[in-house]
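User: I am new to protein structures and would like to learn how to read one feature at a time. Could we begin with how strands are put together?

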Amino acid sequence: MLKKGGLTKKEAEEKLVQFGRNEIEDKTKATPFKIVLRQIKSNFILYLLAVAMLISFSVGKATTGYTILIVIAMVVVIGFIQEYRAERAIAALKGLLVPVSIVIRDGNEQEIPSINIVPGDVLILRNGEKIPADCLILEEQELRINESILTGESKEVGKKTGDEEKYTDENVIFMGTYIVNGRCIAKVIHTGMNTKFGKIAGMISAAEKELPLQEKVNKIAKYTALFAMVISILAGVLMLLRIPFINEEAIINTLIVVIAMSVAAFPEGFPVVLMTTLASGAHKMAKQNVIVNRMSIIETIGETTVICSDKTGTITKGEMTIKKVFAGNTFYTVTGTGYDGKGEILYNNKKAELEKNPSLQLLIRNAVLCNDAIITQGDNGTDLKIIGSPTESALLILGAKAGIFKEDLSYKRVQEIPFNSERKMMSVLCEADREKIVYSKGAPEYILRKCAYIQKNNEIAPLAEKDKAKILDANKSMTLHALRTVAFAYKKVSTFQKDHFEEALVFTGLAGMEDAAREEVKEAIAMCSTAGIKVKMITGDNKETALAIAKEIGLSGNLMEGPELDNITDDELAKVINTISIFTRVKPEHKLRIVHALKKNGEVVAMTGDGVNDAPALKEAHIGIAMGKNGTDVSRSVADLTLKDDNFKTIVSAISGGRTIFKNIRKFSTYQLSCTFAEMTILLLGIILAPLLGWQIPILLALQILFMNLVTSDLPAITLGVNPQSQDVMKDAPRKNSMIMNKNSMLLLFFTSSLLAVLVLASYFIAFNILGQSAGYARTVALFSLICLEIASAFNYRSFRKGVLTRSLLVNKPLFYASVISLIATLAIIFSPLNRVFETVPIMADGFLIAVAVSFILIIVFDLVKRANNEKKFFDLEHI
């Protein structure tokens, strides 16, 4: 039956089935064979190369045919290596997100990875801990569980011990839920996919999202192939029309030219360059705490127009922090955020000295001793690691900032009365230095009822009505600033009997805490505003808390609460959603409606989530973002990205990285296609000019073009794919569904390819017609000139605003090294015995001078065009 404010198990299952996911154990993991098949099926260029290979064999050009076959194998193998390495890297990074649990084995408590838990293990579970398996409760103290991750119902559920022979859901705690009160010892009965959590997860399909990037790449390949076929046929027809008698030799010569033009048209290494760029981008993002679950999503990240972010744990640290303390009728301010232990206790902006403030010292001692949380040093020896509820963890951190640690205090806990939702307080009896002291903490109104005295620095005085009024005013002041308050009290006793523990207590003070906003979020929100990205904060908290956090981070806009969402239609929501920046009292199913409304308005939506019931919204959003620290396996499986640090700023960094990667994809695509079109233009114009100038055709041979495409074109293109991020990448408005090749990049492509073709033909003309060199020598000069021009063009493409001659060659170091390698390889096929295979001849100083001269002409022309465009803005080169 449906409970108010939540989902039944059946509804949760139906929603999860509808939107799908990969199983927790990732049974759909790609095998090497699947990756190879995917490489072949998705690479249209391979089919075109195969046709060119068959034609080469049919006309007796076996060397060319075998070379093309090797190229096909190289493209598949390199693509496989890149994708396989990316899959393994992602799997390894996911391995970093392993939770741990405390088990009793061989009579000893051990901390082990939760994945190693097996049925029959006995677990020790405390307040605030996540339950790692379905367990039967053996012992419990005031145990209450939050099962919202399974049911959507936020109300905590009471649990009881059960019999191993006969038990119900009331006796079982389920994997993925949280202890919100008390503690228990429980026996594991189900793990992994056999748990209630796992069964729901396993019912979701593994349907993939659309991959727009692959479609765009295939579109480029198809248009290029169509253009190539038209030009190749035109060239063949021109050759045959000039032959008086068409014989077998004429047909073979024509087919050789057609092969050369076909090879020139196919950017063989384009898929490899693309995969390398994406893999490099995923690696860089991993260093910034972003795990990319689907490589193709990198392009979509850069198109994000709206970020829908959870407040708790993403905008905030998800770690309660004491911000104010009221003790001895004095307010103290506490600095620092979260559990890192950095911060101070200040009075009038100066560090408070505990020795001079005994009421403050006593309150902190009370907060540390009346506490079930545990504080230890982190793995790096500096950060603090907390095990326990958020409230008690915050109190221990307050103690750490004051230099008071539970382990350093000489005491023994003798008795305790645990906190529960009825009494709203917790008390412990400690024995220290032969004194017996009761320490209590709880809700201020409940603690005050139990107090008869008040601590005023070094003396204890009766609690008067005016004292109560001051305390209540102090409490109201904190709550008005959206702080959650806890009160403290103590008394010395002479008996171990619990009956009188919580009577006639001495009031010591108040502590106000909040889940504070991360310090870096305000800057990230401002960056989003500059980048034209709207931010919407989504929380289950109340209106006051949400508004306080929004004010702190600089987020403005209207607010809508969950009940309001329930009372309007999807169409009505779509009309008003652009004006709303804050959603409060939100349930998981509300997130799905928010995503639908934004998508209906044409937005590209990034949505965060951590629970099972968040999976539908993560799947529906263009970019689903799961939490690495506090997220579930289900949410991480359906998400496109996983944040290792659960930090909002990391989302903004990912968008910035996505924009840079897409810009680089557009740069290397334009660059590679300009080289391809230049080669085809050179061959076609060579055929047209050959009768007039006495040239031998084709000007460039198929093997020479293959060499250029793989060595001197692909290597620089790969390095353009890792071009450094520009400082103003987040100052532009988001692009929406833009193609890789837009109007500006097409203009640049044709300008570059035309200029390259003219300069190469000029170099051939100078060598053959002016210097009187042989056709083989002129062809080699043209080949070397084109290679140098392509390298120079790559340097031009580093930036479309800054010139080459005014910048260091090492701005992009990989490009510099790739250029050196390309030149060395070129010299090898000219001056080594390889020249027989590639049909080149050694060139002299004049050949080098021609190549260098045309390269400098290209650079100078581009630098002048960039300078003029910066002043007059003829073309929008910044968005290429």
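Analyst: Two strands count as paired if DSSP finds at least two bridges between them. With that in mind, this predicted model holds an open sheet of eight strands, whose order is S8-S28-S27-S26-S9-S23-S25-S24 and whose pairing is mixed.

User: Which strands stand at the edges of the sheet?

Analyst: Strand S8 (290-292) and strand S24 (558-561) do; each has a single partner strand, so one side of each is left without a neighbour in the sheet. Ignoring direction, neighbouring strands here are turned by 20° against each other on average.

User: In which sense do S27 and S28 pair, and over how many bridges?

Analyst: Strand S27 (residues 623-627) and strand S28 (residues 641-643) pair in the parallel sense, over three bridges, and Met627 has Leu643 in S28 as its bridge partner.

User: What lies across strands S9, S23, S25 and S26?

Analyst: Helix H20 (residues 588-600) lies across these strands, and it runs at about 170° to S26.

User: How should I read a nonpolar core?

Analyst: In soluble globular proteins, nonpolar side chains tend to be buried together. In this model the largest nonpolar core has 122 residues, and those with the most contacts inside it are Leu641, Phe648 and Leu700. Helix H23 (residues 648-693) supplies the largest share of this core, 20 residues. Apart from it lies another core, of 40 residues, with Leu354, Cys370, Leu395 and Tyr490 among them.

User: How can the length of a helix be checked, and where do its buried residues lie?

Analyst: The buried residues of H15 are Asp467, Ile471, Ala474, Asn475 and Met478. They cover an arc of only 100° around the axis, which puts them on the same side of H15. On the other side of H15, residues including Glu465, Lys466 and Asp473 are exposed. Just after H15, Ala482 takes a positive phi of about 65°.

User: What covers the buried residues of H29?

Analyst: Helix H29 (residues 845-872) has 28 residues and reaches 40 Å from its first C-alpha to its last, close to the 40 Å expected. Among its buried residues are Ile850, Val854, Leu858 and Phe862, and what covers the buried residues of H29 includes helix H25 (743-770) and helix H26 (775-796).

Notes: Residues numbered from 1 in each chain as written. Predicted model: local features only at pLDDT ≥ 70, side-chain atom pairs only at ≥ 80, totals over all residues. Heavy atoms only, no water. Core = buried A, V, L, I, M, F, W, Y, C linked by side-chain atoms within 4.5 Å. Buried < 20%, exposed > 50% of the residue type's maximum accessible area, 1.4 Å probe, protein only. Helix = DSSP H or I, 4+ residues; strand = E, 2+ residues; numbered from the N terminus. Expected span 1.5 Å × (residues − 1). Contact = heavy atoms within 4.5 Å. Arc of directions from axis to C-beta. Axes fitted to C-alpha atoms, helices over the stretch in contact; angles between N-to-C directions.
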